[in-house]
Amino acid sequence: MENARFFRIIENKKLPKKSALFLCIVLISAFLVGCHKNITPTVTSKLVTDGLSINDKTYNASAWEGILHFYGDIVGDEKNFGTLYDVVICNDSARYNSDLRAVSEENLDLLILTSFTFAGALRGVAPIYPDQKYLTIDGFELPVPNVMNYLFATEEGSYLVGALAALQAKAEGVSKPSFGFIGGIESDLITDFEAGYVLGIRSVFPDAEIYDCYVDDWMRPDRAAAKAKVWYDRGLYAIYTAAGMSGNGTIAEAIAHRKAGKNVWAIGVDKDQYEEGIYGVGKSSVLTSMVKRIDNAVEMGLRTVQSGTFKGGSLVLTLKDDAVGFTTTNAEIDSEVIKQVSLLKNDIITGKIKIPASYKDRELTEKVMQSVIRENMISGDEK
């Protein structure tokens, strides 16, 4: 089964060593995907999000697709919604603990938590409900057997989209291009997106000016749009946004500027966001997207519950596992650029290119970030 390739245990100083048994459990679960693909599962589950709806067209939408695929449903025909699976949106961070306790009382087979923001609440709640299984995406490893955590080597995929944007600028003959990064809530998770992106750009333009800004929210496209407008007007070539729904603001500004004849690009995240940037026939403001196969991670977690092989611990899903990557949907990407980025992808997989991340090498990651020009939200951005 192809999904079996998605999972590989990564040993590093932040994640403790896993036994061969752990790996076997995950691979067996992947195999069972094929064995039971025509049988509707009886596993009950609920997706728990931190305010972003499943219609965010990025992170949670991907998680939701994984759930639907597991149950044999599709968007628009969710036959098992409300019976076998459901979603709860937690809008108030002050209530995370009580909300998580409430849903844990429902005796579901698996609770799926997207975002690291639930880590504090889960740390207190999970031990109280030892029979409740939790799957966290981009969370933290907890020393309890009922929490499984999946992480992604986002620095690898981000390196590729950074290199692609830089190579595209070079192919277009752009002189001294500058680039931007807009983050949601600052954390190690988002830092790894940014650091990989920066290194990818610098592999092509070592002295390029790269700016960053954090909107401090996952649901403020207006803030991202305001900063993107300032940067595009200033002449920045491409902006990569890792900020949930806030990233829609960057894409909207890129559309407006491209319609006005400006050669600027947005870079999508988590899913292929090409369609979000469409502004004409065969035209999109989204040059490429850094994809994370959140859908596969969610489905695999559900499979472990179905097969009885669920086990607490953390896994990092990498480029080698085909769990992260870049998209080439946009026909305006130069064909030679795609070839060059594909070679870079292979160099990462073979270990020829090594990309630091907070969970592997915090010191080197912080050094990369020192080369970035930090900008705060300007007056009027938050209105």
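1. Let's start with how two helices pass each other. In this predicted model, helix H7 crosses helix H8 in a right-handed sense. H7 covers residues 221–234 and H8 covers residues 247–259; their axes come within 7 Å, with a crossing angle of roughly 40°. That angle makes H7 oblique to H8.

2. Now look at the side of H7 that faces H8. Which residues of H7 meet H8? They are Pro221, Ala224, Ala225, Ala228, Lys229, Tyr232 and Asp233, and their partners in H8 are Asn248, Gly249, Thr250, Glu253, Ala254 and His257. Sorted by class, this contact of H7 with H8 contains 6 nonpolar, 4 polar and 3 charged residues.

3. Next, please find the sheet of 7 strands. This open sheet has mixed pairing, and its strands follow the order E14-E12-E9-E8-E6-E7-E15. Its edge strands are E14 (324–326) and E15 (373–374), each of which pairs on one side only. For a local example, take strand E12 (residues 286–292), which pairs with E14 in the antiparallel sense over 3 bridges. Within this region, Val291 stands opposite Gly325 in E14.

4. The helices from the opening points come back here. H7 lies across strands E6 (179–183), E7 (210–214), E8 (238–242) and E9 (265–270), and runs at about 175° to E6. H8 also packs on the sheet: E6, E8, E9 and E12 are the strands touched by H8, and the direction of H8 makes about 155° with that of E9.

5. There is another sheet to trace. What is the order of the strands in the open sheet of 6? Reading across, the order is E2-E1-E3-E4-E5-E13, and the pairing is parallel. Strand E2 (85–89) and strand E13 (313–317) form the edges, each pairing on one side only. From one strand to the next, the twist averages 20°.

6. As a reminder, strands of a sheet pair through backbone hydrogen bonds, in either a parallel or an antiparallel way. Strand E4 (residues 133–137) and strand E5 (residues 147–152) pair in the parallel sense, over 4 bridges. Here Tyr134 stands opposite Val147 in E5.

7. Let's return to helix packing with a further pair, H6 and H11. Helix H6 spans residues 188–202 and helix H11 spans residues 362–369; the axes come within 9 Å and cross at roughly 60°. H6 and H11 are therefore oblique to each other. H6 passes H11 in a left-handed crossing, whereas the crossing of H7 with H8 is right-handed.

8. Who makes the contact between H6 and H11? From H6 come Asp188, Thr191, Asp192, Glu194, Ala195, Val198 and Leu199, and from H11 come Arg362, Thr365, Val368 and Met369. By class, this contact of H6 with H11 has 5 nonpolar, 2 polar and 4 charged residues.

9. Finally, the aromatic rings. The count comes to 12 aromatic pairs. One of them is Tyr96 with Phe118: the ring centres are 4.7 Å apart and the planes stand at 40°, so the pair is tilted. Why does this pair tie together separate parts of the chain? Tyr96 sits in helix H3 (residues 96–104), while Phe118 is in the loop between strand E3 (110–114) and helix H4 (119–125), so the pair links parts that are 22 residues apart in sequence.

Notes: Residues are numbered from 1 along each chain as its sequence is written. This is a predicted model: local features need pLDDT of at least 70, side-chain atom pairs count only at pLDDT 80 or more; totals for chains, interfaces and linings use all residues. Side-chain values use heavy atoms; hydrogens and water are left out. Axes are lines fitted to C-alpha atoms, for helices over the stretch in contact, and angles run from 0 to 180 degrees between N-to-C directions. Angles under 35 degrees count as roughly parallel, over 145 as roughly antiparallel, 65 to 115 as roughly perpendicular and the rest as oblique. A crossing is left-handed if the near helix is turned anticlockwise from the far one by less than a right angle, and right-handed if clockwise. Contact means heavy atoms within 4.5 Å. Ala, Val, Leu, Ile, Met, Phe, Trp, Tyr, Cys and Pro count as nonpolar, Asp, Glu, Lys and Arg as charged, and the others, Gly among them, as polar. Two strands pair if DSSP finds at least two bridges between them. Rings of Phe, Tyr and Trp (its six-membered ring) pair if their centres lie within 6.5 Å; planes under 30 degrees apart count as stacked, over 60 as edge-to-face and the rest as tilted.
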